[in-house]
Amino acid sequence: LRLLCLFLAALPCRGLWDDDVRLGIRLHKEYNHPRAREMIEMAAGQEPVRRRDIAYWLIDEAQQLLNRKERDEVGARGLLGSAMVVSRLLMDAETIYTVCSACLQSGALQEALDGYRLVQKLMPNLASIYHQAGLTFSKMNKLDEAFQEYLVAVELVPNYSISYNNIGVLLSKMGRLEEAESHYAAALKIDNHYADARNNMAAVRSQLKEREKEDSVKRLEDSGIHVPHYDADPTDEVVTTALRKLIVEAEGRRKRALNSGVVDETLKRQLANALDKVLASKDAPALFSLSGVLTDLGAFQEAARALERVCELRPLSASAAHQKGLVLAKLGDTTLAIESYKTAVRLNGDMAMSYNNIGVLLARVGNMPGALAWYEQAVKLDPGYQAASDNIAAVHRGMNEWKHLVEHHQAAGKSMVTPQRKEDTAIVLCGYQTEGDGLGPQVARLQHA
């Protein structure tokens with residue numbers, strides 16, 4: 001009975017159109033009654049000059065329902081449906097566009113899309129309407145249709161940065177990451193302060209990096225390395241051939257791993273498993289190359305074994321002894337590393353690097369005077385050896401030997417291609433103050449010295 005009274009009260013009566021619309025809104029909100037739309041349409045039909053006001057009134061009422069703490073999307077969609085009917089009677093593109101935007105917010109996607117299609121007919125060159133249609137298709141998960149709408153938008157307005165960004169989002173969802181990256185870049189080229197595009201660019205580049213790592217791992221796993229198998233004791237020729245092939249394959253995989261940033265743990269294990277077999281080879285250069293691959297992979301124990309075999313085959317090779325010392329130092333075996341370096345300098349007295357490395361190991365165990373003697377020998381062999389020269393300075397600083405430090409810098413300055421001026425020595429020494437080594441307060445003494 002109450003509904004009947006409301007309906008009878010809404011019968012046409014000129015001058016009471018506000019009450020008619022208000023009653024229709026009430027029917028929408030309280031009952032979602034199907035006659036509500038009919039009443040509002042009838043009121044708008046009999047008062048054409050007020051259709052725009054009626055449409056925006058309905059939009060405002062719908063927005064209030066959407067902004068409530070308890071959001072009423074059902075009631076809002078009913079009101080917006082009536083607003084769309086009124087705006088179609090008006091056939092005003094701006095009003096229809098506004099209703100569509102509210103429909104999109106309420107989740108009435110099909111109603112929004114139908115309205116956008118109508119606006120496209122009324123204003124076919126309006127880029128934003130194609131962008132909004134693309135956004136609607138995207139929310140409907142119709143990516144291909146959304147893609148086409150965005151393309152029309154950027155064709156109409158080439159500097160439409162938001163459409164470029166949204167195309168990038170679609171391409172990312174499709175897995176076309178490289179294309180997505182280029183569209184984010186286009187959006188940023190138009191607007192360098194576009195935060196969403198910048199964030200999306202960072203995300204897609206991270207995805208590309210991860211995908212490259214995954215692809216690299218798969219390529220490395222697919223490119224299985226050949227490990228020799230023998231039914232009987234092989235000849236040296238057979239083992240050497242297998243060793244050389246192993247090195248070629250391992251080098252290729254190692255380089256691919258380095259380029260992609262992937263640590264090839266599988267290769268490390270495979271080489272370690274093959275090591276017992278290939279160590280039977282008498283090809284010292286090939287074994288030396290294999291030790292280099294193992295060292296790069298961090299397989300220091302296996303590298304040391306390969307170098308031990310090289311030193312056995314070439315007992316007069318100073319470079320093999322030096323490399324063995326380097327690997328043993330990485331393993332933390334200071335004593336054996338020093339012995340290996342000493343073997344290197346005994347075989348070749350000109351290996352300044354071996355002298356320096358012995359000094360480094362002695363300094364590590366606290367033998368500063370011993371370290372200093374080896375550093376000085378390294379510099380004597382190679383006056384331009386900067387690392388050894390810096391190590392000498394470090395020892396003097398550590399032992400508070402300021403006068404010797406000055407003398408060292410003066411001698412080092414003279415050995416330079418462009419000789420160091422006297423005043424430069426004090427400047428260099430003043431720089432040590434920033435390192436926190438306590439030299440700064442001694443500058444006056446140093447200048448006098």
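Val157 lies in the loop between α9 and α10, helices (H or I, at least four residues) and strands (E, at least two) being DSSP runs numbered from the N terminus. Although Val157 and Asn125 are separated by 32 residues in sequence, their C-alpha atoms are 9.4 Å apart in space. The model is predicted, so that local features need pLDDT of at least 70 and side-chain atom pairs count only at pLDDT 80 or more, whereas totals for chains, interfaces and linings use all residues. Residues are numbered from 1 along each chain as its sequence is written, and side-chain values use heavy atoms, with hydrogens and water left out.

Helix α9 (residues 143–156) has 14 residues and should span 20 Å at 1.5 Å a residue, which agrees with the 20 Å between its end C-alpha atoms; the expected span is 1.5 Å times one less than the number of residues. Leu143, Ala146, Phe147, Glu149, Tyr150, Ala153 and Val154 are the buried residues of α9. These residues cover an arc of only 165° around the axis, which places them on the same side of α9, the arc being that of the directions from the helix axis to the C-beta atoms. Asp144 and Glu155, on the other side of α9, are exposed. The buried residues of α9 pack against α7 (109–122), α8 (127–139) and α10 (161–173), contact meaning heavy atoms within 4.5 Å.

Two of these partners, α8 and α10, pack at an angle of about 25° with their axes 11 Å apart, where axes are lines fitted to C-alpha atoms, for helices over the stretch in contact, and angles run from 0 to 180 degrees between N-to-C directions. This makes α8 roughly parallel to α10, since angles under 35 degrees count as roughly parallel, over 145 as roughly antiparallel, 65 to 115 as roughly perpendicular and the rest as oblique. In this pair, His131, Leu135 and Ser138 of α8 meet Ile162, Ser163, Asn166, Leu170 and Lys173 of α10.

Elsewhere, the axes of helix α3 (residues 35–46) and helix α4 (residues 51–66) come within 9 Å and cross at roughly 150°, and α3 and α4 are therefore roughly antiparallel to each other. Ile40, Ala44 and Gly45 of α3 make this contact with Arg51, Ile54 and Leu58 of α4. The chain as a whole contains 24 helices and zero strands, and 44% of its 449 residues count as buried.

Methods. Buried means under 20% relative accessible area, exposed over 50%, partly exposed in between (1.4 Å probe, protein chains only).
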